[in-house]
Amino acid sequence: GQYTCQLLVHGTPATGSPKAVPVTLHVRGTILEVSAAQLDFTALEMGANPAAQNITIRNIGIVPMDWTIRADGACTWISTQPSGGTVYPSGMANVVVAVDAAGLTGADYSCELTVSAPGAEGSPQVVAVALRVRSGGRLHVPAKYSTIQAGIDAALDGDVVVVADGVYTGMGNQGIDFKGKAITVRSENGPTGCIVEMRAPGSL
């Protein structure tokens with residue numbers, strides 16, 4: 001809150017005495033601070049759930065702060081642990097945010113987490129959560145990605161880059177870099193109709 005008073009300065013003998021000096025005191029009780037405004041998750045359709053992520057809730061005020069975190073009602077695929085508590089002055093609470101992609105089809109999903117601390121400065125705060133579910137982990141070249149390298153660049157560990165029949169040459173189809181990813185690159189219909197011109201020994 002805010003408190004005000006006056007100091008009276010007397011001088012004897014002095015013209016204009018006493019002199020009033022206004023004083024204002026601002027006391028900041030609880031102040032909410034949230035470590036992240038955006039969380040991004042990626043999962044494969046019918047695959048394992050992505051790793052959970054953490055956000056930190058801090059109280060940089062001078063009195064204890066009660067807080068809660070809630071997801072949009074439609075966001076049944078997201079969970080938080082814990083969902084509320086008390087943070088003491090200069091303290092923090094760690095919240096684990098997890099998603100369950102089971103039953104979700106390939107698409108982009110979004111949700112908002114609202115962190116509230118009644119009476120605190122900076123309350124409420126919103127954390128946007130984005131979940132991308134990829135269909136089957138299969139990336140098709142050239143139907144979806146114009147070159148083999150483009151498909152590899154977009155792939156995640158466990159994905160399969162499927163190359164359609166044709167002759168592949170030029171930039172993006174030679175000197176392929178797997179970038180250390182645990183992925184598979186294969187032809188769609190076997191080796192007969194899918195030809196990748198080699199640029200140098202040991203490279204595609």
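Me: Which cysteine does C75 pair with in a disulfide?
Reply: C75 is joined to C111, S to S 2.2 Å. A disulfide here is a pair of cysteine sulfur atoms within 2.5 Å. This is a predicted model, where local features need pLDDT of at least 70, side-chain atom pairs count only at pLDDT 80 or more, and totals for chains, interfaces and linings use all residues. Residues are numbered from 1 along each chain as its sequence is written, and side-chain values use heavy atoms, leaving out hydrogens and water.

Me: How many disulfides does the structure hold?
Reply: One. The link of C75 and C111 is right-handed, with 125° about the S-S bond.

Me: Where do C75 and C111 sit in the chain?
Reply: In distant parts, 36 residues apart. C75 is in the loop between β6 (65–71) and β7 (78–81), and C111 is in strand β10 (residues 107–116). Strands are DSSP runs of E, at least two residues, numbered from the N terminus.

Me: Is C111 buried or exposed?
Reply: C111 is buried, at 3% relative accessible area. Buried means under 20%, exposed over 50%, partly exposed in between (1.4 Å probe, protein chains only). C75 is buried too, at 8%.

Me: And what about C5?
Reply: C5 is partly exposed, with 42% relative accessible area. C194 is buried, at 13%.

Me: New topic. Where is V21?
Reply: V21 lies in strand β2. V21 is partly exposed because its relative accessible area is 35%.

Conventions
Helices (H or I, at least four residues) and strands (E, at least two) are DSSP runs, numbered from the N terminus.
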